[in-house]
Amino acid sequence: MRVGIPRALHYYKFFPFWKKLFDELNVEIILSSPTNKKIVEVGVMHGFGELCLPVKVYYGHALQLINEHPELDFLFVPRYVSELKESFWCPKWISLPDVIKILPNCPKLLNFEVNVKEFPIATAVIELGKQLGKSQSASLGAYKKAQKYYDEYLEFLRKGVSVIHALRLVLRDAPFKVPKRKSKGSIKFLLLGHAYNLFDTYINLDFAKKLNDQDVEVITIENMPEHIFKDPVIVNKKLLNYWRHEEEIMQAIRYFLTKGRNEIDGVIFLISFACGPDSLISELIMHDMKAVGIPYLAIIIDEHSSDSGLLTRVESFTDMIKRKIQKQELKIKQEPKLKIT
Ligand code: SF4
């Protein structure tokens, strides 16, 4: 049994869980290639204009699997509706199987719906197993192992490891071993955004590396402690945030507005063009950052983003912060020391 998985969108969040699940069910996974020029071009051609960049890229990955792997028994396009009772995933995630199944020559979709508002994930796994001809007990056994492995993966990320490195280990079936740090960097930024924007190095033009080259240490919300994400963010009494992704981002920001204020020197929010939820919370974050004096930059990426344009913005933001820190340090040095008699 061969199942194709597009290396895009929720791949960057859930792939370790899926991989363990399919391995345990004895199903071979065929992944699309890492994003490249052709994948983006094909995706942009098939995705209609108003779609956000990551969904267009998803089209490109799905079409690569459809066109280059006629041997596939199924294409795995999960439907993530809700993972917590109080929130929803983005509507574009929810409708993904409906739009992908109408692509030309699309093989049968392997249905997997995560919707804890309606039923537990175990039920979704049993349904998935049925389509693959697996018994209920085999599916539940695989689910248990997949969940355990995924929890270990999340714990590994909390040790400060980048998602890109951790996914590489998952693909190689290698143990989760924390790599030796080369250097910490002279300043530290929180890089905000959805995993598919931050860790698909083709669509973000290797953004994290650009920061590392400027001697910046980068952390992302995946590296933050679990307890930060326990309580919901109250924007105001009328406005409750019910988008899951955005909730995670706002929870991380809440930490840096309070206890973690001195742990970072700046925040960069990487947003895909035409992402409605992100453009909304970006405004809220900008106001909050201004209030506490943390430098903040929002960068919108699309299929036309250029390397040099992005580099110029990163360099000027980084230089500005380094200069500000130098000035503060100089001021402290020059302040007359008080003599206590
Ligand atoms: S959250 Fe934004 S970027 Fe992600 S799928 Fe939805 S609209 Fe696109």
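This is a short tour of a predicted model, one selection at a time.

Before you click: residue numbers start from 1 along each chain, in the order its sequence is written. Because the model is predicted, local features need pLDDT of at least 70 and side-chain atom pairs count only at pLDDT 80 or more, while totals for chains, interfaces and linings use all residues.

**Stop 1: the two domains**

Colour residues 2-165 as domain 1 and residues 181-334 as domain 2. These bounds come from an automatic or database domain assignment. The C-alpha centres of the two domains lie 27 Å apart.

Now select the boundary. Here 27 residues of domain 1 are in contact with 25 residues of domain 2. Contact means that the C-beta atoms of two residues, placed from the backbone, lie within 7 Å. On the domain 1 side, α1, α2 (37-46), α3 (53-68) and α8 each supply at least two residues. The largest share, 3 residues, comes from α3. Helices are DSSP runs (H or I, at least four residues), as strands are (E, at least two), and are numbered from the N terminus. By class, this side of domain 1 holds 18 nonpolar, 4 polar and 5 charged residues. Ala, Val, Leu, Ile, Met, Phe, Trp, Tyr, Cys and Pro count as nonpolar; Asp, Glu, Lys and Arg count as charged; the others, Gly among them, count as polar.

**Stop 2: the ligand**

Select the ligand and the residues around it. Where does the ligand shell lie relative to the domains? Domain 1 and domain 2 both give residues to the shell, so it lies between them. The shell has 13 residues, and C52, C90, K92, S272 and C275 come nearest. A residue is near if its C-beta atom, placed from the backbone, lies within 6 Å of the molecule.

Highlight α3, α4 (91-94) and α12 (276-292), the elements that give two or more residues to the shell. Helix α12 gives the most, with 3 residues. The shell divides into 7 nonpolar, 4 polar and 2 charged residues.

**Stop 3: α1 against α8**

Show α1 (residues 11-24) and α8 (residues 163-171). They pack at an angle of about 20°, with their axes 10 Å apart. Axes are lines fitted to C-alpha atoms, for helices over the stretch in contact, and angles run from 0 to 180 degrees between N-to-C directions. The pair is therefore roughly parallel; that term covers angles under 35 degrees. Display Y12, F15, P16 and K19 in α1, which meet V163, L167 and V170 in α8. This contact comprises 6 nonpolar, no polar and 1 charged residue.

Note on methods
Angles under 35 degrees count as roughly parallel, over 145 as roughly antiparallel, 65 to 115 as roughly perpendicular and the rest as oblique.
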